[in-house]
Structures are given as C-alpha cells and as structure tokens.
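I opened the model to look up two things.

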Amino acid sequence: MALAIERSEAVRGTTSPNPPVGAVILDAEGEVVGVGATQPPGGPHAEVMALAQAGERARGGTAVVTLEPCSHQGRTPPCTGALLKAGIVRVRYAVSDPNPKASGGEAVLREAGVDAEGGLLATEVERGPLRAWLHFARTGRPHVTWKYASSVDGRVAAADGTSRWISSEESRAEVHVLRTRIDAIMVGTGTVRADDPRLTARGIPTDRQPLRVVVGSGDLPPNARVLDDEAETAHLRTRDPDEVLAELAARGVVDVLLEGGPTLVGAFVAAGRVDRVLLYVAPKLLGAGPMALGDAGVATVTDAVGLVFEEVSMCGPDVRISAVPAVENG
Ligand code: AOF
Ligand code: ZN
C-alpha cells in the first residue's frame, strides 16, 4: 500500500475531477508484478494500468489499491470486471468510494469469491493523496488548503511590504513541488497588484502548471505576470467564496491552494471554506507589517475558529504545521 500511495502522489494534479488512485499487483507468491496510477480523465483507472503491466502473472494474485475498485461503467469499464478477468483472488484497498455510482466494488468482488477488504492504511490515504477528492465527492466543493509563511509573530510581510524571503529556501522549494500537485492556485486582485506574483511551479522539472485563479471585481494590471503564457489564468469577478468554489467545481477543479492576502483569506475562513491550513513559521521576528489573516468574523474569543494540529514537523529551519478545522466543514 505504501507503494500504491507513492504512485497516487505522483499523479496528483493530473486526474481531476477523478481521484488520483494508485494500484499494485502482487503475483501468487507475493512478488510485485505491476504498478499503476489513474490516467487523466477518460483514461484507464489505476487497476487497469497495473494489471496491464502484470499480464498473466496477475492470475492467483493480489491487488492493492488506495480506493475501493469501481463497479460501474463510467467513461471506462468497471475495475471489478478487469480484476476478475485477470484472475485476482485477493483485494486490499484503503478507503471506500463515496461516489454512489462507482461504489459497491467490494461486494461485487466478494460475490465472485474474491477475498476483498478495505481499511489498509486508510488514514494515510485520507489525509494524503485522496484528501481533496474525498472532500469534493462528499460536499461537491473543491478542497481549499490555505498556505502561508509567517514570522514567529504571525506577520507575512515586513513594514515596507517586502515578503519574498520570510520562509527558508527549503520551504519555498517544497511549495513549488506542492504547486505541481494541485489543480488551481488562488489569490485576490489585491495580491496581484501588490506583489505581482507569477503563481507557477518553478525550479523543478514539471510539464504541468496549476490553473491560476484571481478573484475580485477590480481589473488586473495589463502587464500583470499572471497574464503571461506560463500557465492558464481565470479572473473570477466575485469574492463570494461559494460562488468562487462553484465556478471552480464547474471547471473540474478539486484541489485548490489559497495563497491570498488577509482580506480574501478572511472571507474564506468566515464562510467555513478553508479545509486545511498549511503554515510555515520562520524563526524570525518582524514586529510590524501585515498579519496573515484579516477580519474573519470573530468578535470574541469564544467565536474563534477552532483548529486541530494534524502534523507538526520541521522544513529546514522552519516549522511546518498542518491544521484542519476542529469541526469539519460540511
Ligand atoms: C477506480 N480506480 O483509478 C479511479 C476510480 O468515468 P470513470 O470511468 O473514469 O469513473 C470515474 C469514477 O471512478 C470516479 O468518480 C471514482 O468514483 C472512480 N475512480 N476508481 O477503481 C481508479 N480513478
Ligand atoms: Zn475503476
């Protein structure tokens, strides 16, 4: 399953609105004979890719998949059928498919005499490669990760507005990798005017760039870098989080990185539309300068938006914190 998770991580950002699934086929002796991952929409699912590599060696073998194999005819035939035809006798998967059209694969496999069971490394998969898609499948809304870097005193820029080098080189490099694995990166018109960001993944070999999304009613400066041809850009003339997310969902966007300023992020937090906070705290003090978050509708301490620290770790000299809402955004 660790190998299947690795394969699914590698295709993140290329499969939406489908989930990035990974699959591994073991032969009857337990030897790995095939690995695969979901291809771009309309293409083969992970199981089919892994089975193609395994060929005849799959007979009598085991399939390990990050998502319950689908039982439906969608744009592609059911994976349950492909597994049965290949002679797979055991299936282990991590999480059930919440899509009512595709779910029920475990029951189909069991009825055909396959030893099928879910739950293997389920938490790793739910928090990792399938987090955004599971949220999208359950709520219909793209998953929003608010990412920012701040000083120890919570500031995202110095008094003169300079912000580029708050976090370390290691943290900045990691964010560029992250950008290749998401569908869209979002800021407000204010950030475009103030920082003129490029919003692309740089410094790593990649053949894909996320959709750049700028929200807000103001016009963009005609020479703004987000308007270059490094990547596609969408300008959504609203700041209503639900209108923004509905528009992105209609475009097949599942996984969004919010890199906006305090006003835009405040609107998303107030609306309960931040599903994860990814924060890099740099070992620096600034004492003045803008804070990460503006007004989020919190007037008194008992109204604070509660978070749970899911993981705290180091990234170079910075502390990396992943936090999720204490009450899941339904
Ligand atoms: C799997 N393995 O690798 C993926 C699955 O239109 P289709 O045929 O591509 O089906 C899309 C649905 O299939 C998707 O919503 C999800 O429920 C499931 N995705 N299932 O067995 C895979 N990507
Ligand atoms: Zn399938």
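I count a contact when heavy atoms lie within 4.5 Å. This is a predicted model, so I note its limits: local features need pLDDT of at least 70, side-chain atom pairs count only at pLDDT 80 or more, and totals for chains, interfaces and linings use all residues. Residues are numbered from 1 along each chain as its sequence is written, and side-chain values use heavy atoms, with hydrogens and water left out.

Entry 1, the domains. I took the bounds from an automatic or database domain assignment. Domain 1 covers 2–131 and domain 2 covers 141–325. Their C-alpha centres are 33 Å apart. I found 8 residues of domain 1 in contact with 13 residues of domain 2.

I used a side-chain nitrogen of Lys or Arg within 4 Å of a carboxyl oxygen of Asp or Glu. The rule gives 4 salt bridges across the interface of domain 1 and domain 2. I also looked up Glu-9, which forms a salt bridge with Arg-181, with the closest N and O atoms 3.4 Å apart.

I located Val-24 in strand S1, residues 22–26; strands are DSSP runs of E, at least two residues, numbered from the N terminus. Is Val-24 buried or exposed? Val-24 counts as buried because its relative accessibility is 4%, where buried means under 20% relative accessible area with a 1.4 Å probe, protein chains only. Leaving out residues up to four places away in sequence, Val-24 touches residues including Leu-3, Val-32 and Val-64. I also checked Glu-47, 23 residues from Val-24 along the chain: the C-alpha atoms are separated by 7.6 Å.

How values were computed:
Chains lettered and ligands numbered in written order. Helix = DSSP H or I, 4+ residues; strand = E, 2+ residues; numbered from the N terminus. Buried < 20%, exposed > 50% of the residue type's maximum accessible area, 1.4 Å probe, protein only.
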